[in-house]
Amino acid sequence: LIVFVCCWFIRDRKEEYLFVMGDVRSFEDFPMYQNFESEVERLGGEPKVLEFEGKENSAINQIKMLDQEVTDNTVCIVVNASSNDSLSELLQQYQEEGIEVISCISEVSAESRMLHVGTVRQEVSGSLLMEAAARLSDEEGKFAILSGTPHSEFTTSLMMEIRYSYEKREYPQMIFSDVIFGYEDAYAAEEQIREYLTEVPDTKVLICLAEWMTEAACMAVEELGLKSQVAVVGIGSPDYLEEYLKDDELKLELFYCDMSSMGTKVAQLAFQMVQGTISGEVGEVVALDGETYEIAEDDGVTEGDQAGSELYLYETYERFQSVALAQ
């Protein structure tokens with residue numbers, strides 16, 4: 001009887017859809033995770049968003065969480081990977097067990113997932129950020145790139161696209177000065193940025209690749225009284241950074257995607273893959289939240305990777321400017 005009841009309970013449980021967060025669950029991430037959870041529930045599944053508190057060894061933490069949370073009822077894993085290399089073997093194992101694996105925002109190699117889904121393509125993002133930095137600096141002077149963590153494939157790829165745009169010498173009077181890593185802590189990052197701006201006082205623009213780095217840059221510029229001298233170009237939520245957008249002295253240009261819509265669409269994509277409606281193959285047309293997308297071929301994460309498939313949900317960013325720039 002006990003065995004029968006246990007078997008009935010396991011069979012009656014809903015299928016589980018796991019979303020494994022990246023290095024930090026920032027304000028910008030919340031709408032995505034919340035809508036992923038609500039959409040999975042609406043479609044009849046059981047959502048699990050996995051998060052951790054520690055900032056160190058984030059890939060190791062992701063592996064531990066997966067080991068603890070993946071069950072016989074897990075049908076899909078969506079992973080915003082802290083490290084492609086560290087997670088690769090484990091994700092391949094889950095695929096062999098019949099679990100659909102989708103990488104989200106931060107990409108893993110094609111061998112480790114069925115499909116990659118992102119916001120805006122990095123080559124587009126890099127060009128847009130560099131263009132904004134050039135415009136706000138009158139195409140001359142020093143600039144620095146403020147990244148989040150050196151382990152994120154997304155920020156690394158984005159940084160390389162900015163470097164590529166810079167090296168084409170479209171803005172020959174601009175000088176790339178430094179890269180600063182914040183490691184998911186806005187206040188520690190602010191201190192590093194203040195030290196950098198003190199040492200390189202002729203910096204004209206800070207290009208920020210993560211929301212907390214945009215926040216840290218705004219705090220540092222404000223603290224040093226450099227609002228009129230140093231512009232901030234960054235990715236982030238206009239709601240979270242509202243006080244800086246209202247500033248009539250701070251020069252801030254913000255790039256943002258609708259992350260709540262992102263969460264809904266990722267959930268629908270996961271359900272379609274589990275149900276077999278789509279397989280993640282190049283050329284498939286997918287209907288998500290009333291819009292259609294065609295899955296394209298990607299070039300792989302690193303040299304030697306096999307070609308995989310990808311789906312980017314936004315052609316470009318929404319832009320927001322502070323009062324100082326909008327005047």
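Student: What sort of model is it, and how are residues numbered?

Tutor: It's a predicted model, where local features need pLDDT of at least 70, side-chain atom pairs count only at pLDDT 80 or more, and totals for chains, interfaces and linings use all residues. Residues are numbered from 1 along each chain as its sequence is written, and side-chain values use heavy atoms, with hydrogens and water left out.

Student: OK, at what angle do H7 and H8 pack?

Tutor: About 50°, with the axes of H7 (residues 186-199) and H8 (residues 211-223) 8 Å apart. That makes H7 oblique to H8, since angles under 35 degrees count as roughly parallel, over 145 as roughly antiparallel, 65 to 115 as roughly perpendicular and the rest as oblique. Axes here are lines fitted to C-alpha atoms over the stretch in contact, and angles run from 0 to 180 degrees between N-to-C directions.

Student: Which residues in H7 meet H8?

Tutor: Ala186, Tyr187, Ala189, Glu190, Ile193, Arg194 and Leu197 in H7, and their partners in H8 include Trp212, Met213 and Met219. Contact means heavy atoms within 4.5 Å. The residues of this H7 contact with H8 divide into 12 nonpolar, no polar and four charged.

Student: And how do H2 and H10 pack?

Tutor: H2 (residues 30-42) and H10 (residues 259-275) pack at about 40°, with axes 7 Å apart. The residues of the contact of H2 with H10 split into nine nonpolar, five polar and two charged. Among those in H2 are Phe36 and Glu39, and H10 brings Thr264 and Phe271, among others.

Student: Switching to strands: how many residues of E4 are buried?

Tutor: Five of its five, so strand E4 (residues 100-104) is mostly covered; buried means under 20% relative accessible area, exposed over 50%, partly exposed in between, with a 1.4 Å probe and protein chains only.

Student: Which way do they point?

Tutor: Glu100, Ile102 and Cys104 point one way from E4, Val101 and Ser103 the other way. In a regular strand the side chains alternate between the two faces of the sheet.

Student: In what sense does E3 pair with E4?

Tutor: Parallel, with E3 (residues 74-79) joined to E4 over four bridges; strands pair if DSSP finds at least two bridges between them. Cys76 has Glu100 in E4 as its bridge partner.

Student: Last one: is Ser322 buried or exposed?

Tutor: Ser322 counts as buried, at 0% relative accessibility. This serine sits in the loop between strand E15 (318-321) and helix H11 (323-326), and Ser322 touches residues including Tyr244, Asp247 and Lys251.

Notes:
Helix = DSSP H or I, 4+ residues; strand = E, 2+ residues; numbered from the N terminus. Nonpolar A, V, L, I, M, F, W, Y, C, P; charged D, E, K, R; others polar. Lists of a residue's contacts leave out its neighbours within four places in sequence.
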